[in-house]
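Keep the structure open while reading.

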Amino acid sequence: MYATDSQFQQSIKPYQNDGFNIIYHQLFCDRIDAYNVVNPSVGYPWDTLLSESPNPETLATISADASLETRQKLLAYNRLRAMGVPPTNKVLLGVIIEVGLEGGLDTLAAFSDGTCRFISHGEKLLIWDTATDTSAQLVHQLFVDSVEVVNRIGPWDQERTPFPEEGMVKLSFLVSDGLYFGLGPFSTFQNDAMAGPIILSATRLMTYLIQQDMKK
């Protein structure tokens, strides 16, 4: 589901820092209000993505444009579906892992273009926009593991659910035909045949990103 109102965004605030809450909602690419708030960009593709009445043909062009960021293509896919235009293909474009901890929420997002975002429960932000051979391999493995789950479940056709509580993990899969997700106890998912490999791959990716960030 694609929405333009800010009521849902305002009601779900996993972080004390409102700036991080905006970044958190931007990860899912399903809230145009999250991008309207802080995005000053003009011209292609933002003039269409942020339009109140976007041209469907231009949105389709954006969704297939290999030169654009993955999140821009996701925004286009979501806007098209909201207009009743289904995608012609099914492709996994993003994976988001949220872990509820005693001190807050850890959120790791990886996208098919190799970019990543990590917001720690301690409210520190890590932005990864330049892929290395190692990060590309780790993201690829995360996507390989995630596709196995996506192929066995169906898309969620309602409003995005809140972030997980302490001890819970939420796996969200951003696919061209909608949002897929799973929610359960971390200990259960960690030992699950399908979810376990995703958590392991995500942990390896997160560890690598943190290590590289500490070297800066």
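## A salt-bridge network

R31, D33 and E159 form a linked network of salt bridges. This is a predicted model.

R31 counts as buried, because its relative accessibility is 1%, under the 20% cut-off. E159 counts as partly exposed, at 28% relative accessibility.

## Other salt bridges

The structure holds 5 salt bridges. One of them joins the side chains of D30 and R160, at 2.8 Å, N to O. D30 lies in the loop between α2 (18-28) and α3 (32-36), and R160 lies in the loop between α7 and β5, so this pair ties together parts 130 residues apart in sequence. Both D30 and R160 are buried.

The side chains of D129 and R117 also meet in a salt bridge, at 2.8 Å, N to O. D129 is in the loop between β4 and α7, and R117 is in strand β3, so the pair ties together parts 12 residues apart in sequence. D129 is partly exposed, with a relative accessible area of 47%. R117 counts as buried, at 9% relative accessibility.

## Nonpolar cores

The largest nonpolar core has 29 residues. I97, L142, L171, F173, L205 and L209 touch the most other members. Several elements each supply at least two residues of this core: β1 (92-101), β2 (104-111), β3 (116-119), β4 (125-128), α7 (133-150), β5 (168-175) and α9 (195-215). Helix α9 gives the most, with 7 residues.

Take L209. Leaving aside neighbours within four places in sequence, L209 is in contact with L108, C116, L126 and W128. A second, separate core holds 28 residues, including L27, L75, L93 and L174.

## The site of G178

G178 is in strand β6, which covers residues 178-185. Is G178 buried or exposed? G178 is buried, because its relative accessible area is 7%, under the 20% cut-off.

Which residues does G178 contact, leaving aside neighbours within four places in sequence? The contacts are R81 and F173. F173 is also among the residues that touch the most other members of the largest core. G178 and D157 are 21 residues apart in sequence and 7.6 Å apart in space, C-alpha to C-alpha.

Definitions and conventions. Residues are numbered from 1 along each chain as its sequence is written. This is a predicted model: local features need pLDDT of at least 70, side-chain atom pairs count only at pLDDT 80 or more; totals for chains, interfaces and linings use all residues. Side-chain values use heavy atoms; hydrogens and water are left out. Helices (H or I, at least four residues) and strands (E, at least two) are DSSP runs, numbered from the N terminus. Buried means under 20% relative accessible area, exposed over 50%, partly exposed in between (1.4 Å probe, protein chains only). Contact means heavy atoms within 4.5 Å. A nonpolar core is a set of buried Ala, Val, Leu, Ile, Met, Phe, Trp, Tyr and Cys residues joined through side-chain atoms within 4.5 Å. A salt bridge is a side-chain nitrogen of Lys or Arg within 4 Å of a carboxyl oxygen of Asp or Glu.
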